[in-house]
Amino acid sequence: MRKQGKKMLQTNLDVTSIKPNDSMAEEMTEKEFRMYIIKMIREANEEMKEQMQALNDEMKEQMQALIDRTNRQLKEQIQEAKDHFNKELEILKKNQTEILDMKETINQNKNSIESISNRIEHLEDRTSDIEDKIFNPENKAEQTEKMVRNHEQNLQELWDIMKRPNLRIIGIEEGLEKQAKGMNNLFNEIISENFPNLKNEMENQVQEAYRTPNTQNYNRPTPRHIIMKIPNIQNKDRILKAVREKNQITFRGKPIRISADFSIQTLKARRSWNNIFQALKENGCQPRILYPAKLTFKFDDEIKSFHDKQKLKQFTKRKPALQNILNKIFHEEEMKNKEANQQREELS
């Protein structure tokens, strides 16, 4: 019986866990107690392993979460640094472009000054020759008149070269430049209102600006014109191109006009094309007046250019279709010239 009891106790030890204060512990032999202790240690090890595994899994998850968060932060910092670098790079590129434009403008001004200096020297030489010929008794009146005309033409070309960087703005009320706190702000406001795409490229592009004439006539019904000198001729040409493409130019909602600035002689030469220009435009010939006073238009799928009306008139004689367009205008101008000549003869 006692051996059977020991075997049953051994079986129970394999199946159940016995607490140290259990009543069955008193009946255990030393061997059974050792086995009990070993089993307890094994169970404790298993439990510890499970706890360690759970702790490792939890730490792995926390580490992975920390790594993911760190990676996200690093990516965000790298992206921010990249965006900042790109912005700085764009600023450097823009500054480099502005420096190149300034260099180009300086070179253009140098070339213009050299050209003007050469023309002045040439004019001085020609003036000296004219003075010598004037005092020459054998000099004929026709030669003198031709020299004077050439002299006037040279002066006109010099004057146009000096005026080439200028824009003439017409229709801005007197005193508005003071409200805008200077001509620079007034120019930028015109560009922003009419050509927003050119705003960033055209800011602070006025080298010099003034009203003409210098003295205000309060009896004058219209405001004086504003002359603005643009240091970059290419920017000036871009503005004029944008003006041609837009139907109406305004300043603070009121219509104004923007045109190139020319000498009086050149302006007169350009205006002399007005009737012909209008007739060509009405017949779809796409006419343009190029600097300083050259007429161009499209005819027979070709671009034709003329500096004076006489050559244009000779060309129209070989082109019946073009002659039908311009014949009436040429006839009217001939009649006006005859009447003017008759009046001069009568006065003389």
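The chain averages a pLDDT of 80, and 86% of the residues score at least 70; pLDDT is the predictor's confidence in each residue, from 0 to 100. This is a predicted model, in which local features need pLDDT of at least 70 and side-chain atom pairs count only at pLDDT 80 or more, while totals for chains, interfaces and linings use all residues. Residues are numbered from 1 along each chain as its sequence is written, and side-chain values use heavy atoms, without hydrogens or water. Confidence is lowest in helix α1 (residues 2–15), at a mean of 42, and highest in β4, at 92. Over residues 1–21 the pLDDT is below 50. Beyond near neighbours in sequence, that stretch has 23 contacts in the model (contact: heavy atoms within 4.5 Å). Helices (H or I, at least four residues) and strands (E, at least two) are DSSP runs, numbered from the N terminus.

Five strands form an open sheet in the order β2-β3-β1-β5-β4, with antiparallel pairing. Two strands pair if DSSP finds at least two bridges between them. β2 (208–212) and β4 (249–251) stand at the edges with a single partner strand each, so one side of each lacks a neighbour in the sheet. The twist averages 35° from one strand to the next. β2 pairs with β3 (residues 225–229) in the antiparallel sense over five bridges. Within this pair, A209 stands opposite M228.

M228 lies in strand β3. It is buried, with a relative accessible area of 0% (buried: under 20% relative accessible area, exposed: over 50%, partly exposed in between; 1.4 Å probe, protein chains only). M228 and Q205 are 23 residues apart in sequence and 9.4 Å apart in space, C-alpha to C-alpha.

Helix α5 (residues 183–194) lies across β1 (166–170), β2, β3, β4 and β5 (254–260), running at about 130° to β4. Axes are lines fitted to C-alpha atoms, for helices over the stretch in contact, and angles run from 0 to 180 degrees between N-to-C directions. α7 also packs on the sheet, touching β1, β4 and β5. Its direction makes about 130° with that of β5.

Helix α7 (residues 233–245) has 13 residues. From first C-alpha to last it reaches 19 Å, close to the 18 Å expected at 1.5 Å a residue. Its buried residues are I233, N235, K236, I239, L240, A242 and V243.

Methods. Expected span 1.5 Å × (residues − 1).
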